[in-house]
Amino acid sequence: MTLYQLGEEYLRQADDLKNVISVCSTQRNSLCGIALFELNSKIATLKEMERDTRIIGKTLTHYYSGNTCKKVYHPHRFD
């Protein structure tokens, strides 16, 4: 498996997590109290997982392209 293929798999998993988040979000209206608190905690965790998975997927798919999405900071270098 190449890095690009692995990145694509991460992006597919991120899409799956996004679908789970949307399903959980629709259940919010029918809950209250502790159940709503627990569901909101679950959704927050899933959102973090989706974000991290998507970042890894994008990084892997663009690993060899030379384009970085963010600045690389090297505090120990003086130019």
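1. Among contacts in the chain (heavy atoms within 4.5 Å) between residues at least 6 apart in sequence, 72% join residues at least 24 apart. Val 20 belongs to helix 1 and, with a relative accessibility of 37%, counts as partly exposed.

2. On the basis of the note: this is a predicted model, in which local features need pLDDT of at least 70 and side-chain atom pairs count only at pLDDT 80 or more, while totals for chains, interfaces and linings use all residues. Residues are numbered from 1 along each chain as its sequence is written, and side-chain values use heavy atoms, with hydrogens and water left out.

3. Overall composition. The chain contains 2 helices and 0 strands, these being DSSP runs numbered from the N terminus (helices: H or I, at least four residues; strands: E, at least two). Of its 79 residues, 18% are buried; buried means under 20% relative accessible area, exposed over 50%, and partly exposed in between, with a 1.4 Å probe and protein chains only. The chain exposes about 6,600 Å², of which carbon and sulfur atoms supply 57%. Accessible areas come from the Shrake-Rupley method with a 1.4 Å probe, and for residues only the protein chains shown count as cover.

4. Helix 1. This helix covers residues 3–26. Its 24 residues reach 35 Å from the first C-alpha to the last, close to the 34 Å expected at 1.5 Å a residue; the expected span is 1.5 Å times one less than the number of residues. The buried residues of helix 1 are Gly 7, Leu 11, Ala 14, Leu 17, Ile 21 and Cys 24, and they pack against helix 2.

5. Helix 2. Residues 34–61 form this helix, whose 28 residues reach 40 Å from first to last C-alpha, close to the expected 40 Å. Its buried residues are Leu 39, Ile 43, Leu 46, Glu 50, Thr 53, Gly 57, Leu 60 and Thr 61. Helix 1 is included in what covers them.

6. Glu 50. Glu 50 counts as buried because its relative accessibility is 14%. Not counting residues up to four places away in sequence, Glu 50 touches Ala 14, Leu 17, Lys 18 and Ile 21. Among these, Ala 14, Leu 17 and Ile 21 are also listed as buried residues of helix 1.

7. The Glu 50 salt bridge. The side chains of Glu 50 and Arg 54 meet in a salt bridge of 2.7 Å, N to O, a salt bridge being a side-chain nitrogen of Lys or Arg within 4 Å of a carboxyl oxygen of Asp or Glu. The two side chains are also joined by a polar contact of 2.7 Å; that term denotes a pair of N or O atoms within 3.5 Å, where within protein one must be able to donate a hydrogen and the other to accept it, and residues adjacent in sequence count only if both atoms are side-chain atoms. Being 4 residues apart in helix 2, Glu 50 and Arg 54 are separated by about one helical turn. An α-helix has 3.6 residues a turn, so residues three or four places apart point the same way. Arg 54 is partly exposed, with a relative accessible area of 21%. Asp 15, Glu 50 and Arg 54 are linked in a network of salt bridges.

8. Other salt bridges. The structure holds 4 salt bridges. One of them joins the side chains of Glu 9 and Arg 12 at 2.9 Å, N to O; both residues lie in helix 1, 3 residues apart, about one turn of the helix. Glu 9 is partly exposed at 29% relative accessible area, and Arg 12 is partly exposed at 43%. Another links Arg 51 with Asp 52, the closest N and O atoms being 2.9 Å apart. Arg 51 counts as partly exposed at 45% relative accessibility, as does Asp 52 at 35%.

9. Surface patch. Met 1, Leu 6, Tyr 10 and Ile 56 form a nonpolar patch on the surface, with about 390 Å² of accessible area together. Patches are made of residues with over 30% relative accessible area and no salt bridge: like charges are joined within 9 Å, and nonpolar side chains (Val, Leu, Ile, Met, Phe, Trp, Tyr) within 5 Å. Tyr 10 is placed in helix 1 and counts as partly exposed at 31% relative accessibility.
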